[in-house]
Amino acid sequence: MLGLLLRLLPFWVREPLLIVLGSVLGVRLSYIAIQDHEWAPAGFAAVFLLFTAIRVHMVVRALRARGNPSPTASVKEPAASVEGRPQAPAQTQAQDGAGPLPGPAAPEKEPNVWGQAVAAVAVFGALAAALWLAPRVLPSDDNASHSVSCPSAKDEKLPKAYKMTPRAVTGDQLCQALNRPDLAVLLGTPRETATTASGSNDTALLTDGKVAQPEAEIGFDTYTVHLSATYNDLSTAQYVKLMKMGGDTEVKTLTVLGRPAVFSSDHTMKFEIDLGGGGSGGPVEQGPLARTLSVALDPKDRGGYYDITVWSESGALPDDSVLVGIAEKVLPTVPERTARS
């Protein structure tokens, strides 16, 4: 149906239409290929751009042909009279008072080629722009990392540490901040959707339940992202000294959002639970390597920090810039806790 419609359209409408569509599709596929680092869209983009270049060449040749028409045929001599002399044009009027005899018909006016071309480009350019912007303006059913929602914990009773720390947020609030629609894009896996989402109101280990440490976790097929906030009096500088004393050689300090920050690496732990009758749980095993970015709660580094940790079952880790990008997007959206009963 589309092919028949294109064949019925005039040349000066059809060709600008094909040029606009080919250009938009070629540029769009090139953008997708660069963003997703895939070769298939790049190949299709090259085909559309080559097709567009051929159509442009055809239009240029047609315009040159119209600007330089071929020489016209020689003008015919007026018909001779019986005596061999040319006849005078018929300009006499009939004796009954009728008007002059009709002359040769006026040449038919050619269609405005440039008007057709401009109109076609304007109309189909608007359609192409609508197709380009539709995914950004219209809501998508494929809502990236929002395929799962954070569990609600409104009725959960908070530990005493949260009451003693007015600024401490909850695990639900951390989960809401981390479960962003663009989290998969930030991780470098834009086609993946979140499979799990959780949040908990825990306390830090070895603190006798006196330090609030809410946590949230979003899982994808490739990576798992864990976000926690520790509300203690430990500054980032002190935290770095403790990590170096513990033999961590992957420590790297930097500044994120104007706050002191540090990179560190450690292995996750894998627990095995035996559901057989009477047996105890299996041993704790070493899991895959995880990369953590710790960022101070405030620029003055008065104590406390956020931890953003990423790992995968395969052991592969994203570049450190990925964790920085997540921190710059997620941490400003974490609310400050006000009063809580």
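Predicted model: local features only at pLDDT ≥ 70, side-chain atom pairs only at ≥ 80, totals over all residues.

Me: What makes Tyr239 and Tyr305 an aromatic pair, and how are the rings arranged?

Reply: A pair of aromatic rings is described by the distance of the centres and the angle of the planes. Rings of Phe, Tyr and Trp (its six-membered ring) pair if their centres lie within 6.5 Å; planes under 30 degrees apart count as stacked, over 60 as edge-to-face and the rest as tilted. For Tyr239 and Tyr305 the values are 4.7 Å centre to centre and 10° between the planes, so the pair is stacked. The search of the whole structure finds one aromatic pair. Tyr239 is buried too, with a relative accessible area of 17%.

Me: Which parts of the chain does the pair tie together?

Reply: Tyr239 lies in helix H8 (residues 236–245) and Tyr305 in strand S7 (residues 305–311), so the pair ties together parts that are 66 residues apart in sequence. Helices (H or I, at least four residues) and strands (E, at least two) are DSSP runs, numbered from the N terminus. The protein chain comes to nine helices and seven strands.

Me: What makes S7 largely enclosed?

Reply: Seven of the seven residues of S7 are buried, so the rest of the structure largely encloses this strand. Both of its faces are covered: Tyr305, Asp307, Thr309 and Trp311 are buried on one side, and Tyr306, Ile308 and Val310 on the other.

Me: How do you know that S3 and S7 are paired?

Reply: Two strands pair if DSSP finds at least two bridges between them. Seven bridges join strand S3 (residues 224–230) to S7, so the two are paired, and they run antiparallel. Val225 stands opposite Val310 in S7.

Me: Why do Asp320 and Lys252 count as a salt bridge?

Reply: Side chains of opposite charge can pair when their charged atoms come close. The rule for a salt bridge is a side-chain nitrogen of Lys or Arg within 4 Å of a carboxyl oxygen of Asp or Glu. Asp320 and Lys252 meet at 3.0 Å, N to O, so they qualify. This pair links distant parts of the chain, with Asp320 in helix H9 (residues 320–330) and Lys252 in strand S4 (residues 252–256), 68 residues apart. Asp320 is buried at 17% relative accessibility, whereas Lys252 is partly exposed at 39%.

Me: How many salt bridges does that rule give, and what else is on the list?

Reply: The count comes to five salt bridges. Among them is Asp182 with Arg180, at 2.8 Å from N to O. Asp182 is partly exposed at 23%, while Arg180 is buried at 18%. Another is Arg302 with Asp298, whose closest N and O atoms are 3.6 Å apart. Arg302 counts as exposed at 59% and Asp298 as buried at 9%. Arg167, Asp298 and Arg302 are linked in a network of salt bridges.

Me: Where does Asp208 lie, and what sets its phi apart?

Reply: Asp208 is in the loop between strand S1 (196–203) and strand S2 (212–219). Its phi is near 55°, a positive value in a residue other than glycine. Asp208 is exposed, with a relative accessible area of 68%.

Me: What about Leu257?

Reply: Leu257 has a positive phi of about 55° although it is not a glycine. Leu257 is found in the loop between S4 and strand S5 (259–270), and at 34% relative accessibility it counts as partly exposed.

Terms used: Residues numbered from 1 in each chain as written. Heavy atoms only, no water. Buried < 20%, exposed > 50% of the residue type's maximum accessible area, 1.4 Å probe, protein only.
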